[in-house]
Amino acid sequence: MLEISTHNFWIALAVTTAAGLATGLGSLLVLFSKQPNARLLSFGLAFAAGAMVYVSLTEILDKSILAFTNAYGPQLGFTWGTLSFLGGVLFIVTIDRLVPNPHERLEVDDPYFREHNTSYIKRVGLLTAVAITAHNFPEGLATFFATLENPGVGMPLAFAIAIHNIPEGIAIAVPVYFATNNKLYAFLACLLSGLAEPIGALIGYAVLRPFLSEPVFGVVFGLIAGVMVFLALDELLPAAKRYAKGHETVYGLVSGMAALAISLVLFKW
């Protein structure tokens with residue numbers, strides 16, 4: 001790999017950090033809410049699920065397939081991208097089996113639910129934050145190296161990721177705010193998740209740079225796509241259904257998909 005100037009290094013790090021911190025913008029919608037309410041929570045969780053499923057299947061999985069295609073050609077590229085996606089699903093299913101994770105009934109009159117709804121939402125919020133933070137690591141890595149080698153490519157990529165991070169901020173902030181009733185905690189949770197992007201970039205630069213290759217990116221993006229889709233369907237949607245009093249779950253799901261879809265369309269222009 002070519003030698004990188006210190007100037008380019010700081011530009012790439014600044015661009016990556018700015019994209020990551022856009023996660024905090026999503027929490028502003030939560031901060032303007034007077035108090036947490038169940039219908040907002042239902043919509044927010046479903047919105048998060050829609051955003052995560054859409055971006056995973058149309059953007060992240062596509063990056064995995066493209067990376068493998070660049071290395072092995074279109075036939076093997078599609079095959080290895082698909083296998084990586086399924087590997088991500090298998091990975092999170094295995095974790096779900098090994099770690100005690102009781103899935104309660106969805107009825108809101110469930111006594112366990114009434115007693116432990118706050119702790120349950122804290123857990124859902126934590127899982128969302130972990131999934132999105134894990135997603136942010138390779139995003140930061142990709143943004144950083146793209147900007148490092150060609151700012152003309154890296155900066156538009158960072159802008160697209162920043163747009164994507166806004167609904168991700170909503171996904172984290174809503175359950176955290178509902179569980180803690182603390183707007184500052186919700187905002188800080190979003191910022192901490194966003195910091196995963198520059199941290200991932202620095203780890204990649206310090207440790208992974210000599211070993212980075214198209215297949216490595218393909219595996220990482222494929223695994224993350226699989227993990228995010230499973231968590232959205234297994235955790236976010238059931239939790240959203242618990243708090244729905246009408247069509248909040250469907251509206252949130254479609255709105256989350258639409259927000260990501262529109263952001264991708266706008267980026268193409």
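Author: A residue counts as buried when its relative accessible area is under 20%. The model discussed here is predicted.

Reader: Why is glutamate 139 called buried?

Author: Its relative accessibility is 4%. The cut-off is under 20%, so glutamate 139 counts as buried. This residue is found in helix α5, residues 111-149.

Reader: What makes Glu139 part of a "binding site"?

Author: That label comes from the UniProt annotation of an unreviewed entry, which covers Glu139, His164 and Glu168. Such annotations may be inferred rather than shown by experiment.

Reader: Which residues is glutamate 139 in contact with, leaving aside its neighbours within four places in sequence?

Author: They are Ile161, Asn165 and Glu197. Contact here requires heavy atoms within 4.5 Å.

Reader: How do you know whether glutamate 168 is buried or exposed?

Author: Glutamate 168 lies in helix α6, residues 151-180. Its relative accessibility is 6%. Buried means under 20%, so glutamate 168 counts as buried.

Reader: Why are α7 and α8 called roughly parallel?

Author: Helix α7 (residues 183-194) and helix α8 (residues 196-208) pack at an angle of about 20 degrees, and their axes are 4 Å apart. Angles under 35 degrees count as roughly parallel, and therefore α7 and α8 are described that way.

Reader: Which residues make the contact between α7 and α8?

Author: Helix α7 contributes Leu192, Ser193 and Gly194, while α8 contributes Ala196, Glu197 and Pro198. Sorted by class, the contact has 3 nonpolar, 2 polar and 1 charged residues.

Technical notes
Residues are numbered from 1 along each chain as its sequence is written. This is a predicted model: local features need pLDDT of at least 70, side-chain atom pairs count only at pLDDT 80 or more; totals for chains, interfaces and linings use all residues. Side-chain values use heavy atoms; hydrogens and water are left out. Helices (H or I, at least four residues) and strands (E, at least two) are DSSP runs, numbered from the N terminus. Buried means under 20% relative accessible area, exposed over 50%, partly exposed in between (1.4 Å probe, protein chains only). Axes are lines fitted to C-alpha atoms, for helices over the stretch in contact, and angles run from 0 to 180 degrees between N-to-C directions. Angles under 35 degrees count as roughly parallel, over 145 as roughly antiparallel, 65 to 115 as roughly perpendicular and the rest as oblique. Ala, Val, Leu, Ile, Met, Phe, Trp, Tyr, Cys and Pro count as nonpolar, Asp, Glu, Lys and Arg as charged, and the others, Gly among them, as polar.
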